[in-house]
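Keep the sequence and the 3D view side by side. The paragraphs below walk through them one part at a time.

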Amino acid sequence: MSHNHNHDHDHDNELDPFAARVRALETILTQKGLIDPAAIDVIVDTYETKIGPRNGAKVVAKAWVDPDFAALLKRDATAAIGSLGYTGRQGEHMQAVFNTADTHNLVVCTLCSCYPWSVLGLPPVWYKAPPYRSRAVIDPRSVLEEFGLTLPDTTKIRVWDSTAELRYLVVPMRPNGTDSWSEELLADLVTRDAMIGTALAREPA
Amino acid sequence: MNGPQDLGGQMGFGPVAPEKDEPYFHADWERRALGVTLCAGAMGAWTIDESRHARESLHPADYYGSSYYEIWIKALETLLKRHGFVSDRDLAAGKAVDPAATPKRVLKAENVPDVLAKGGPCDRPVATPARFKAGDLVRTKNFHPTGHTRLPRYARGKQGAVEAVRDGFVFPDTNAHGQGENPQWVYTVVFDGAEIWGEGADPTLTVSIDAWESYLEPA
């Protein structure tokens with residue numbers, strides 16, 4: 001856009017229209033005493049710095065090294081995940097689904113943006129957008145290829161559409177060659193996408 | 001409702017286009033949008049079901065033309081107006097002009113950690129025993145309600161198998177409309193890809209939904 005226009009205004013005070021709309025709404029609610037702007041700061045800080053896919057990675061790594069924990073995670077994921085201190089909003093009712101040599105799991109919410117916030121944090125834009133939500137249930141293989149994941153034709157694909165209040169965490173398979181690895185090192189192999197099902201766990205370098 | 005949100009199996013939206021090292025927020029206003037939405041919800045005037053219904057009630061052109069945080073804010077304005085917290089005059093002025101209804105509570109900064117850690121569990125006791133058990137064959141209802149529902153169109157009138165009996169959960173189809181929680185048993189029901197998509201379906205595909213009991217009939 002050209003900036004050679006001939007009028008006088010203060011660009012520092014300009015917001016794009018949607019930013020202005022959100023600011024107006026926050027202003028109105030604050031002036032009416034309905035919200036506390038400092039609460040917004042705490043919420044944002046929580047999801048920007050405290051709750052994210054590192055939580056889920058620790059859950060998966062523990063399940064890889066601790067069979068008792070893995071069994072509990074399979075039976076009662078909410079309790080297992082809660083035992084590591086991860087609870088709360090959009091993680092109240094958790095279900096863990098385990099990839100096997102035969103079956104790959106993929107999680108979607110076709111109807112909105114349901115996502116396990118307590119273990120993965122806020123969802124990425126693509127998870128909430130129409131291309132993924134429309135295609136994951138009908139053509140998951142081509143979706144996975146867009147993430148660089150080509151599964152063997154014989155691998156079964158199970159898609160979990162999060163239509164109710166259960167939130168799904170995919171437990172990817174533990175990479176080969178990691179037998180002697182610590183839980184901490186293993187957690188570094190577990191990416192957000194591996195826990196949605198659009199990737200596998202990273203291979204050791 | 002058969003609204004713009006019901007995306008499973010729709011075509012024409014193009015590739016997924018994941019963004020490498022995607023940030024949590026793409027603009028500062030998205031941070032405020034998240035926080036305003038959660039703080040407003042914490043007033044306790046509406047349920048998560050009502051807020052989902054407000055989002056899917058956007059005009060389809062508006063829904064598809066909006067980012068998800070834009071959808072949240074547009075729906076939030078609807079909810080705030082419906083419940084008497086904000087008026088059109090407030091929004092036009094960009095500041096508080098009219099008085100507001102009294103909220104049940106206001107979320108203060110010091111209470112945020114506890115509120116987020118507690119969440120909002122939706123499981124409830126159900127007075128009747130579960131009608132189905134794991135392994136039962138069921139058929140989903142074929143219906144097209146004009147109000148909120150969580151049975152996607154692609155999974156209506158289809159035969160599947162109950163894989164798991166979950167808990168009793170608040171029934172969104174009534175709760176979204178202020179008609180009570182009416183909890184029901186929820187089941188994970190799994191369908192063969194071919195049952196849903198017919199000819200040309202991926203033969204290795206199974207798809208599951210979580211279905212409230214009244215969505216299901218014995219097959």
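In chain B, residues 121-218 carry the UniProt annotation "domain: Nitrile hydratase beta subunit", from an unreviewed entry. UniProt positions are given in the numbering used here, feature names are shortened, and annotations may be inferred rather than shown by experiment. Over residues 121-218 of chain B the chain is 9% helix and 36% strand. The end C-alpha atoms of this span are 29 Å apart. Helices (H or I, at least four residues) and strands (E, at least two) are DSSP runs, numbered from the N terminus.

This is a predicted model, in which local features need pLDDT of at least 70, side-chain atom pairs count only at pLDDT 80 or more, and totals for chains, interfaces and linings use all residues. Residues are numbered from 1 along each chain as its sequence is written, while chains are lettered from A and ligands numbered from 1 in the order in which they are written.

Now look at residues 1-108 of chain B. UniProt places the feature "domain: Nitrile hydratase beta subunit-like N-terminal" there, again from an unreviewed entry. The span is 45% helix and 0% strand. Its end C-alpha atoms lie 35 Å apart.

The chain has eight helices and five strands. From the N terminus on, the order is α-α-α-α-α-α-β-β-α-β-α-β-β. The C-alpha atoms fill a box of roughly 55 × 45 × 35 Å, taken along the principal axes. Of the 219 residues of chain B, 41% count as buried. A residue is buried if 20 or more other C-beta atoms lie within 10 Å of its own, exposed if 12 or fewer, and partly exposed in between; C-beta atoms are placed from the backbone. Among the contacts in chain B with a separation of 6 or more, 65% come from residues 24 or more positions apart. Two residues are in contact if their C-beta atoms, placed from the backbone, lie within 7 Å.

Zoom in on strand S1 of chain B, residues 137-140. In a regular strand the side chains alternate between the two faces of the sheet. In S1(B), Val138(B) and Thr140(B) point to one face and are buried. Which strands pair with S1(B)? One is strand S2 of chain B (residues 159-169), antiparallel and joined by three bridges. Here Leu137(B) stands opposite Ala161(B). Another is strand S5 of chain B (residues 216-218), also antiparallel over three bridges. There Arg139(B) stands opposite Glu217(B). Two strands pair if DSSP finds at least two bridges between them.

Finally, bring the chains together. In chain A, 65 residues are in contact with 72 residues of chain B. H1(A) gives the most to the side of chain A that touches chain B, with 11 residues. One strand crosses over too: S3(A) runs parallel to strand S4 of chain B (residues 205-212), joined by four bridges. In this pairing, Ile157(A) stands opposite Leu205(B).
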